[in-house]
Amino acid sequence: KFDMNFVERLTSALVHLSEYTFTNLYMTPMVDRIVREKHPEMPYIGDIEKNIKMYLVNTQPITDYKTPVFANQKRVGGAQIKKPKELPSDLKKIADNAKNGLVLFSLGTNVRSDMLGAERIGTILKAFARLDKYTFLWKFETPEHLKEKLPANVMIKSWVKQNDVLGHANIKAFMTHAGLLSTHEATYHGVPMIGIPFFADQYRNIFRSIKAEVAVKIEIRTTTSDQIKA
């Protein structure tokens, strides 16, 4: 974020300082110990890092802020994106029949939808039920444990090929944790985002998308069904 006030700049500086300290005093020595168990002859990991000849950086100019790029840095953001393939028959039926629009809801792999808690899950389903002209496809890891009665317009799958779903003609929106890969894929396919960030770079990603006017944000800890519907 470039248009920061003083408090935000101070916070940013402290976050970067703490991350630098954590990496050099804890993370790098820990990794070095693990490596040294198998390869005691290896130079210190921190020294190897200083001599890296090339960095493949998971950034993309379209979705990221302007930053210095050195000669040994190659941007590969979005390398995972492929032209969408035809969906498996069950998902294809759901997507093809969503004539008024399909909304994909996925929180990625680090955040599990089935751990949101019964109250939050109920709030989300209540909002979906009130938007009954749309079809919602929710990546929910343990469908068999979903105790709430599903509205007729909500489909649950434990896994979906996200890139292929985002490339379907009927997709209207993507409810996402705003991870970097998900942001890249949504941008590539031109799908508006409803961001539900939880930690780390997810807040930065959704903020950048909001500034680009391609996303809005939901605060999962305090949101209501009225807010989700809106």
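What follows walks through the predicted model, from the whole chain down to a few individual residues.

This is a predicted model, so to speak of local features takes a pLDDT of at least 70 and side-chain atom pairs count only at pLDDT 80 or more, while totals for chains, interfaces and linings use all residues. Residues are numbered from 1 along each chain as its sequence is written, and side-chain values use heavy atoms, with hydrogens and water left out.

Taken as a whole, the protein has 8 helices and 8 strands; helices (H or I, at least four residues) and strands (E, at least two) are DSSP runs, numbered from the N terminus. The C-alpha trace spans about 60 × 45 × 35 Å along its principal axes. Of the 230 residues, 38% are buried, where buried means under 20% relative accessible area, exposed means over 50%, and partly exposed is in between (1.4 Å probe, protein chains only). The accessible surface is about 14500 Å², with 58% of it belonging to carbon and sulfur atoms; these areas come from the Shrake-Rupley method with a 1.4 Å probe, and for residues only the protein chains shown count as cover. Among contacts (heavy atoms within 4.5 Å) between residues at least 6 apart in sequence, 51% join residues at least 24 apart.

On to the strands. Trp138 has Ile156 of β5 as its bridge partner. In a regular strand the side chains alternate between the two faces of the sheet. Strand β5 (residues 154–157) puts Val154 and Ile156 on a covered face, with Met155 and Lys157 on the uncovered one.

Arg75 sits in strand β2 (residues 73–75) and is partly exposed, at 31% relative accessible area. Its side chain makes polar contacts with those of Thr59, at 3.4 Å, and Thr67, at 3.3 Å. A polar contact here is a pair of N or O atoms within 3.5 Å; within protein, one must be able to donate a hydrogen and the other to accept it, and residues adjacent in sequence count only if both atoms are side-chain atoms. Beyond its neighbours within four places in sequence, Arg75 is in contact with residues including Val57, Pro61, Tyr65 and Val69. Ala98 is 23 residues away from Arg75 along the chain, and their C-alpha atoms are 36 Å apart.

Ala98 turns up again around Asn170, which touches Ala95, Asp96, Ala98, Gly101 and Leu102, leaving out residues up to four places away in sequence. Asn170 is in the loop between α5 (162–166) and β6 (171–176), and counts as buried because its relative accessibility is 18%. A polar atom of the Asn170 side chain lies 2.8 Å from the backbone oxygen of Ala95.

Helix α6 (residues 180–189) is largely enclosed by the rest of the structure, because 7 of its 10 residues are buried. Among them are Leu180, Thr183, His184 and Glu185. The cover over the buried residues includes α5, β6, β7 (193–195) and α7 (201–211). Just after α6, Gly190 takes a positive phi of about 70°.

Finally, Ser225 belongs to helix α8 (residues 225–229) and is buried, at 9% relative accessible area. Its side chain is in polar contact with that of Arg130, at 3.4 Å. Ser225 also touches Thr123, Lys126 and Ala127, again not counting residues up to four places away in sequence.

Technical notes: Pairing = 2+ DSSP bridges.
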